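Dear colleague,

Please find below the structure that I am handing over to you. My findings follow directly after it.

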Amino acid sequence: MADVAAERTRPIERVRGAGLEKVLPYLFLAPALLLVLAVIAYPMIRGFQISTQFYRFGRPLRSVGLDNYREALDDKVFRAAVWTTIRYVFFAVLFETLLGLVLAMLCVRELPFIRAVRLVLIIPMIVTPVIVGLVFRLLYASDVGLLTIISHNLGGGDVGLLSKEGSAFWAIVLLDVWEWTPLMFLILLAGLQSMPQEPFEAAKVDGASGWRTFLDHTLPLLKPVLAVAIVLRTLDAFTTFDQIYVLTQGGPGTSTQLVAYYGYDSFFRFQRYGFAAAMLIMCALVLLAFSAMAVRMLRRMDR
Amino acid sequence: MKRFLHIFALVMACLFALVPIFWMISTSFKTNREATQDGTILPSSPTFASYTSLFTRREFGHYFANALIVTTGAVAIALVIGSLSAYALARFRLKFGLQRHLAFVLLIARMLPTVILIVPVYVLAQKLGVLDTRLVLIVIYAAFDVSLVVWMMDSFFAEIPVDLEEAAMVDGDSRLTAFRRIVLPLAAPGLVATAIFAVIVTYNEFLFALLLTSTPDAQTMPVGVATLMGRINIDWGAMAAAGVLGALPIIIFAMLVQRHLVRGLTLGAVK
């Protein structure tokens with residue numbers, strides 16, 4: 001013991017290469033920092049600049065101040081996209097949380113094959129999002145779709161979820177639920193597995209019902225993990241793009257047009273550089289504010 | 001009875017996860033006639049025609065090679081420079097409160113919705129003349145992955161007792177040798193978890209690949225599949241086959257690392 005203590009108090013300068021020791025941390029940090037500055041920070045600044053300019057044919061013509069922001073706020077399609085996105089995120093995250101919680105509760109106990117079950121349940125979140133879009137196109141298609149075929153076998157007609165505005169919205173929500181419930185499930189499962197055992201043993205001794213134990217012990221203990229999972233999913237779902245691109249392209253009408261897709265379309269198809277930049281920056285600022293709030297809330301919960 | 005319900009619920013959940021994928025696989029082995037008209041669940045006479053048509057007529061090999069090169073390159077760069085940074089943040093006290101500032105910059109980089117970067121990144125890539133190259137994708141993905149690596153590795157390094165390296169350094173190792181000989185092996189489980197998460201996220205990335213590439217010279221698998229979907233709108237068998245082939249690399253990867261998969265995905269998400 002004494003030896004270890006002596007080693008520890010030995011001044012670090014005695015170690016070989018002590019001069020290098022002073023600059024080493026900066027050398028270690030430099031490459032990552034440079035990369036992040038060049039690829040994320042600098043483009044972000046350029047993005048602000050672009051958002052204050054009027055572009056035509058891919059070239060900045062003149063400075064327009066905050067006109068692009070004003071235009072975006074007045075734009076009916078943008079407002080509709082924001083509203084659709086909010087509803088989409090709300091329902092998707094709601095269902096994912098409920099289903100993920102149920103699945104985590106079912107999988108936390110040891111059963112035969114439970115490891116295999118856990119692996120199967122997370123497959124959807126590993127599959128490339130573009131291909132998830134393709135998978136659902138094959139399910140929803142009104143001629144070859146599995147839903148249509150099942151409906152025919154039950155004596156019904158064609159099912160074309162993507163051809164009507166109302167059902168198309170729920171079709172993309174269902175896709176999100178299929179793809180991302182596994183993430184909720186994983187995070188909540190980890191939360192359940194790391195819980196202290198004592199309260200549950202005590203509850204058992206007291207003869208509390210399963211439901212009571214869940215409300216009195218599981219849920220309160222799980223609250224911080226639940227909050228993290230919901231925040232993460234909300235942030236991610238807000239910028240959903242890939243699946244929309246291959247499945248609906250925002251249609252029919254604008255019923256499945258989410259903000260990320262509208263931003264991309266305004267920029268790439270309609271070449272409205274400044275307008276798209278302004279729109280996306282506004283969304284990002286709102287999301288960052290939301291994350292900051294969430295981080296603060298989580299810190300308070302930890303205490 | 002309760003146990004029966006429990007197992008029944010789990011079986012239903014697994015079916016819910018698998019049926020959509022099963023349907024894609026089943027459709028990929030049908031002729032287009034069967035897919036559109038017969039309404040069968042399983043292919044009545046399975047055919048590889050859709051797959052062979054993909055390989056003979058289209059650029060699937062390119063998409064696959066590009067995805068492999070881009071993913072490996074970006075993840076390797078991010079792992080190396082990210083772990084170095086994480087080590088520096090976990091072990092050294094920096095001047096001017098740099099530690100906190102850097103942690104903040106990286107946190108912002110991690111939370112920032114990348115979609116806001118599409119306009120400036122495209123404009124800059126065009127100016128630099130690197131549109132439609134694998135290089136631009138490697139650099140951008142490496143930057144996206146690096147903040148993730150730092151976040152995940154920071155906590156792994158912090159868990160390794162400092163005494164071990166100091167002992168090694170007292171015995172004559174330089175800091176770098178101690179890092180390589182003592183710290184890295186101890187952090188290996190963390191590196192594996194981080195690498196798994198980074199590979200899956202990077203292989204699956206679509207938005208920037210779509211934005212920055214336009215030919216099979218640089219297009220990755222997700223973009224390739226999306227392009228094919230646009231072109232072969234009604235050839236359902238070929239579309240399904242493209243989906244199966246596109247998903248296969250990442251599914252195989254997941255199976256290879258399945259022992260560490262759950263941990264990697266959980267840590268990657270929460271960190």
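**Cysteines**

Cys107(A) counts as buried, at 0% relative accessibility; here buried means under 20% relative accessible area, exposed means over 50%, and partly exposed lies in between, with a 1.4 Å probe and protein chains only. This is a predicted model, in which local features need pLDDT of at least 70 and side-chain atom pairs count only at pLDDT 80 or more, while totals for chains, interfaces and linings use all residues; side-chain values use heavy atoms, with hydrogens and water left out. Residues are numbered from 1 along each chain as its sequence is written, and chains are lettered from A and ligands numbered from 1 in the order in which they are written.

A search of the whole structure returned zero disulfides over all chains, a disulfide being a pair of cysteine sulfur atoms within 2.5 Å. Cys107(A) accordingly takes part in none, and the nearest cysteine sulfur to it belongs to Cys14(B), 7.4 Å away. That distance is too far for a bond. Cys14(B) is also buried, with a relative accessible area of 13%.

**Interface of chains A and B**

How many residues of each chain are in contact across the interface? On the side of chain B there are 92, and they meet 85 residues of chain A, where contact means heavy atoms within 4.5 Å. The buried area is about 8,400 Å², and carbon and sulfur atoms give 82% of it; buried area is the accessible area (1.4 Å probe) that two parts lose on being put together, summed over both. Trp23(B), Val119(B) and Trp236(B) supply 8% of the area that chain B buries against chain A, more than any other three residues.

No salt bridges are found across this interface; the count is zero. The rule requires a side-chain nitrogen of Lys or Arg within 4 Å of a carboxyl oxygen of Asp or Glu. Seven residue pairs, with both residues at pLDDT 80 or more, are in polar contact between the two chains. A polar contact is a pair of N or O atoms within 3.5 Å; within protein, one must be able to donate a hydrogen and the other to accept it, and residues adjacent in sequence count only if both atoms are side-chain atoms. Helix H1 (residues 2-28) of chain B gives the most to the side of chain B that touches chain A, with 15 residues. Helices (H or I, at least four residues) and strands (E, at least two) are DSSP runs, numbered from the N terminus.

**Ser28(B)**

Helix H1 of chain B also holds Ser28(B), which is buried at a relative accessible area of 0%. Its side chain makes a polar contact of 2.7 Å with the side chain of Tyr51(B), and a polar atom of that side chain lies 2.6 Å from the backbone oxygen of Ile25(B). Leaving aside residues up to four places away in sequence, Ser28(B) touches several residues, including Thr47(B), Ser50(B), Gly237(B) and Val244(B). Ser50(B) is 22 residues from Ser28(B) in sequence, but their C-alpha atoms are 6.6 Å apart.

**A hairpin in chain A**

Strands E1 (residues 53-56) and E2 of chain A run antiparallel and are joined by four bridges; two strands pair if DSSP finds at least two bridges between them. Tyr55(A) stands opposite Pro60(A), and Phe54(A) has Arg62(A) as its bridge partner. Two residues lie between the strands of this hairpin, in which Phe57(A) takes a positive phi near 50°.

**Backbone geometry in chain A**

Most residues other than glycine have a negative phi, and most peptide bonds are trans. Gly251(A) and Pro252(A) are joined by a cis peptide bond, with omega about -5°. Pro252(A) sits in the loop between helix H12 (242-247) and helix H13 (259-269). Gln249(A) belongs to the loop between H12 and H13 as well; its phi is positive, near 50°, and it is partly exposed at 46%. Gln271(A), in the loop between H13 and helix H14 (273-302), has a positive phi near 55° and is partly exposed at 35%.

With kind regards
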